Amino acid sequence: MTPYLRSLLRLRQDERLAALREKAKSERDPCAPDETVQLLLACARMCAPTRALEIGTGEGLTAVALLQECPRLHLVTVESDEARYRAACKNFAAFGVADRVRCVLGDAKDLLAALDEPFGLIFLDGPKAQYGGYLPDLKRLLAPRGVLFADDVLLYGWVDGREETPPKRRSIVRKIREYLELVCGDPDLRTSVLDVGEGVAISVKKGSDA
């Protein structure tokens with residue numbers, strides 16, 4: 001992405017949230033890049049969901065940004081790492097959004113199987129190797145005209161071949177490519193892959209009249 005486009009996608013956020021995001025980045029904790037979060041918020045503004053699902057809570061910083069952006073939004077989010085889960089719960093309380101979040105500690109597969117109500121927005125930022133396995137449930141849970149926003153789908157340029165994949169990363173790259181083939185080839189989804197952050201795939205589920 002050019003510096004000009006990056007400047008346009010500069011994340012607007014309050015000072016407390018900005019400080020926590022910078023701290024997470026410095027500690028190499030999972031934290032989506034500013035331009036990725038800004039694009040996610042733009043999608044949220046356009047589809048105006050009242051219910052959203054997040055796979056991969058981290059410390060809850062992206063979730064906080066979403067909840068601040070969409071005052072009517074209620075979020076379900078799942079995190080498998082207990083330390084990050086506890087940090088996220090503290091952040092939700094500190095930012096006054098805990099009453100609009102159901103934060104689950106556990107495996108996303110178990111949570112997805114237990115859900116049945118539709119979501120207008122799904123943010124997929126969990127284990128990359130599991131993206132394809134999650135997709136049938138994510139598609140089932142995605143409301144008509146809902147947005148499935150998957151992060152890190154280009155992964156340092158390895159997935160699209162701009163950079164050579166290290167041998168230890170070939171398996172995860174193969175899994176991400178499989179996910180992209182699935183969403184791009186699905187007749188019920190309209191998908192665009194964008195070179196923002198480490199790459200995002202934005203899939204919109206067709207409505208009944210599409």
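This is a predicted model: local features need pLDDT of at least 70, side-chain atom pairs count only at pLDDT 80 or more; totals for chains, interfaces and linings use all residues.
Helix 2, spanning residues 15–26, packs against helix 4, spanning residues 61–69, at an angle of about 155°, and the two axes lie 10 Å apart. Because angles over 145 degrees count as roughly antiparallel, helix 2 and helix 4 are assigned to that class. The crossing of helix 2 past helix 4 is left-handed. On the helix 2 side, the contact is formed by Leu17, Leu20, Arg21 and Ala24, and helix 4 contributes Leu61, Thr62, Val64, Ala65 and Gln68. By residue class, this contact comprises six nonpolar, two polar and one charged.

Helix 3 covers residues 34–47 and contains 14 residues. The distance from its first C-alpha to its last is 20 Å, close to the 20 Å expected at 1.5 Å a residue. Ten of the 14 residues are buried, and helix 3 is therefore largely enclosed by the rest of the structure. The buried residues of helix 3 are Glu35, Thr36, Val37, Gln38, Leu39, Leu40, Leu41, Ala42, Cys43 and Ala44. Just after helix 3, a positive phi of about 45° is found at Ala48.

A further pairing involves helix 7 (residues 131–141) and helix 8 (residues 170–185), which pack at an angle of about 30° with axes 8 Å apart. Helix 7 is therefore roughly parallel to helix 8. In this pairing, Tyr131, Gly132 and Leu135 of helix 7 meet Tyr179, Leu182 and Val183 of helix 8. The residues of the contact between helix 7 and helix 8 divide into five nonpolar and one polar, with no charged residue.

Technical notes: Residues are numbered from 1 along each chain as its sequence is written. Side-chain values use heavy atoms; hydrogens and water are left out. Axes are lines fitted to C-alpha atoms, for helices over the stretch in contact, and angles run from 0 to 180 degrees between N-to-C directions. Helices (H or I, at least four residues) and strands (E, at least two) are DSSP runs, numbered from the N terminus. Angles under 35 degrees count as roughly parallel, over 145 as roughly antiparallel, 65 to 115 as roughly perpendicular and the rest as oblique. A crossing is left-handed if the near helix is turned anticlockwise from the far one by less than a right angle, and right-handed if clockwise. Contact means heavy atoms within 4.5 Å. Ala, Val, Leu, Ile, Met, Phe, Trp, Tyr, Cys and Pro count as nonpolar, Asp, Glu, Lys and Arg as charged, and the others, Gly among them, as polar. The expected span of a helix is 1.5 Å times one less than its number of residues. Buried means under 20% relative accessible area, exposed over 50%, partly exposed in between (1.4 Å probe, protein chains only).
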